[in-house]
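Student: Please take one part of this structure and go through it closely with me. Then show me what else is worth a look.

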Amino acid sequence: MRIFQKTNFNFIRNRKIAYGFSIILLLAGMVSLGVKGLNYGIDFRGGSEVVIRFEKNADVGQIRSVLDAAGVSGTLKQYGMDRSFLLSTVFQGDTGQLKSLVSNALNDRIKGNHHEIVRIDAVGPSIASDLKWSALKALIASLLAILLYVGIRFEIKFATAGVVAIFHDILTVLGLFSILGGIFTFMPLEMDQSIIAAFLTIAGYSITDTVVVYDRIRERIRGQKPSDYERIFNESMNQTLSRTIITSGTVLLSVFVLFIFAGPAIRGFAFAVFAGILIGTYSSIFVAAPLVYDWLKITKSSVRLRGSKAA
Amino acid sequence: MKNKRFNLFLIAVVTLVAAWSLWPTWRDYTLSKQLNSFGSVQDSLKFALSHREEIEDARKKSLKLGLDLRGGMHLVMEVDQVDLFEQKAWNKDEKFTSIMQAVRAKSTESDARVIDLLVGAFRSDNIRLSRYFYDIRNSDQEIVGKLEKESADALNRAKEIIRNRIDQYGVAEPVITTQGSRKIIIELPGVSDENRVRNLLKGTAKLEFRLLREPEVMVRTLDRINSYLVQNSTLAKESTVTASPSVTPSTPSGAAPAPPVNKTQSVNPLYDLVGVFQNGSAYTPEHSRESLLTLLRRSDIQALLPMDTELLLAAKPDIGKTGEKLYSLYLVKKAPELTGGVITEAKATFGSQGVQPEVLMSMNTEGTGKWARITGANIGKRIAIVLDGAVYSAPVVQSKIPNGNSVINGIESLEEAKDLEIVLKAGALPAPVRITEERSVGPSLGADYIRAGVQSLGWAFLAVSLFMLLYYKKAGIAADIALVLNILIVLSVLAGFNASLSLPGIAGIVLTIGMAVDANVLIYERIREELAEGKSVATAVMQGYDRAFSSILDSHVTTLSAAFLLYTYGIGPIQGFAVTLMIGTSASLFTAIVVTREIFHILLSKNLMSDKSFG
């Protein structure tokens, strides 16, 4: 079976359209980030969360009023699991107190529908700022590491364009999180630790995709004249297109499975990775390589690539 | 050819090691299934006894499940370094207290190191640290070094004491580690009574024996505070005439509503909170307790107490005539006569009447001697037994106690007495600790997570392997075999290194399933290209592997470095994800390249491959 027999798309000629599309995508995200901001989870803002599961269907409004009456301040939302609710409050060092307050109120006022507190998370403010910092450090360090490695294996133009593509992917997903955050009850799209993990996964995947295209360019560009670069870039991208699509396909398949089956704790992560893979695949073809091409064209330099004897 | 045989050997070894490492997990699974299949309890007990060694061995070596899958508690506790440094200081005066207060406020907001905050605060006030710490001749540098060492020691001691407490409480496979300069991370799988554990962990367990001042002194002190408050409130009245009359102090949410302390004009503000009996003992009802504690913390109130004394509340309330809970008030000397360091043994029992639980303590020789002297010198007086700043009891000394025995009573339940026994035996923490992060998952949610994880694994594997089969035909089989081996390797490495599998870890494996075939896709696409150029299958396979290699290496290195950094900077659940992703990616270098290549070698040598084999 073959999905792409022999393709001959002119990616390079149409690159301006792609640039425009990317810029619109990024701008939309930035505007939303500026106006609406992000929906931070307790990992990054501190706070307590309680997941309550009932035996039978229960009404959000009723539970909310019961908890209000008991003096539990906070917001109650449907949680992405059957008959479950998520209560989020400010950070409380003594979760035992919170738990018994909630439990007693629900036992007293909602009879005949047994409930169970299945999860409690409490993150203090100092931990939250710790987590934020280490998340940022991890992201920056990984981008630097990628820049360094690709810079050594290829050359700095390729590496920079690759990192720009990663930025493009992560910022787009971040923008998506801002735009879609809080709209769906089954996935609140909160920024938490798992989303940072998703970003690093996206970064790794995006550069993987880009490197495969670069590798083909490197193999073919040796000793060629700069005037042939457009043809070589196009051919390389077309030759790797099949692989790019198939690998994205298998990864998307497994991430989709995660999204469907792995439950609410993983759903935000799965969504981020899914979106990131789609965009990362797009950017490796439409952003990274064309940027290198433009850069080469503007500086009128020829490529001096390291590595690979290009057997 | 020699190389080829070596590869085959390597594959066999890896497969065997993986199987061997996962064997106990399989045994554990089948054994516990067998155990549950028996109709009666006796039968399963009999089976458990007869197979005890095997069951235990399998369980010990099997793949561990993470806290989120088994249910349990994850706690991060912070050692209060501000308190620790305060303990180390001498010569404390107003200035020192105010600086330390500022440092404390800052330390709860930022994650900067407390020692840096401390140095910064003193430097901005142009005060040398040696004014309060260690020797006057020490430079700031030296003092910082000493304090740093002190806090590192304190962290380790706190960790050991907490480990002791947990061990004595009895939790299977607790994991206790330190992080940074002030955090202790505690993982307790399968804990059901979270409240009890929390209380067990967070108490400092600082036991003190303190002399009580005479009741008349306390009554006079209370009077003095009261008249001071009267004066002050009239002053406040005069200065803020426009203030709304119904201002009540804000209380933490969930606490009992505060009594209207600032009622338009109370005649005796203190006695709204405190009652005094005829015999000179004082008490506060439960609903006023918080307000009284806030009041007592004020420095202007503390200045009204007699020199070197402190007002403490009882740990447990007495029940008043009207059924209200009343906490007794004690005026005690600030300096303890004796501290818990001398306690060698503690035992929870029932008291002489057989109903009141109590804790018997015995002391080491040094403590015994001191205790005899103290009790001998204070016959007829009362000595308060204070634990973490709350008075448990304040018995009157009847006679000299020569044998170093003492008793804590005023305990509600035997369970609480048992917990006291544990913390007293484990010793006091060098500084207070507080819980800054807690995550607990109930066992039923854990079971849900396991089901969700297994389902995701199954479906992802099915989808990806089917796709490879459809798309690449015969070559797809090779890729699928490699995929199975890859998953086995990930699980066996986890089991072998005693790491645990969490839900994010499973997510990592699912993602690996999608990514691991990438190497095969790269190779197969290349082989198809070579075939399209009209090369023979054997040549195409060889060149396909060779030419795809550089792409595969580059892409794996980048994925690995991202996962590694995630592991380095991430904590807890995220690390689980990073670990499985790292193992899976590294393993796919082996499975997707070496294993599939060997399969093709064998097939080629048996003439079972054609140019149709790659779909």
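Tutor: Start with a sheet in chain B: four strands form an open sheet in the order 11-5-14-15, with antiparallel pairing. This is a predicted model: local features need pLDDT of at least 70, side-chain atom pairs count only at pLDDT 80 or more, and totals for chains, interfaces and linings use all residues. Residues are numbered from 1 along each chain as its sequence is written, while chains are lettered from A and ligands numbered from 1 in the order in which they are written.

Some terms come next. Strands (E, at least two residues) and helices (H or I, at least four) are DSSP runs, numbered from the N terminus. Two strands pair if DSSP finds at least two bridges between them.

Look next at strand 5 (residues 207-211) and strand 14 (residues 383-387) of chain B. They pair in the antiparallel sense over five bridges. In strand 14 of chain B, B:Val386 is the bridge partner of B:Glu208.

Pairing also links the two chains. Strand 4 of chain A pairs with strand 17 (residues 433-441) of chain B, antiparallel, over five bridges. There, A:Arg119 has B:Val441 in strand 17 of chain B as its bridge partner.

Widen the view to the interface. In contact (C-beta atoms, placed from the backbone, within 7 Å) are 64 residues of chain A and 68 residues of chain B. Helix 5 of chain A gives the largest share of chain A's side, 15 residues. That side divides into 33 nonpolar, 23 polar and eight charged residues. Here Ala, Val, Leu, Ile, Met, Phe, Trp, Tyr, Cys and Pro count as nonpolar, Asp, Glu, Lys and Arg as charged, and the others, Gly among them, as polar.

Finish with a helix. Helix 16 (residues 474-496) of chain B has 23 residues. From first C-alpha to last, helix 16 of chain B reaches 33 Å, close to the 33 Å expected (1.5 Å times one less than the number of residues). Of its 23 residues, 17 are buried, so helix 16 of chain B is largely enclosed by the rest of the structure. Buried means 20 or more other C-beta atoms within 10 Å of the residue's own, exposed means 12 or fewer, and partly exposed lies in between, with C-beta atoms placed from the backbone. Just after helix 16 of chain B, B:Asn498 takes a positive phi of about 60°.

Definitions and conventions: Contact = placed C-beta atoms within 7 Å.
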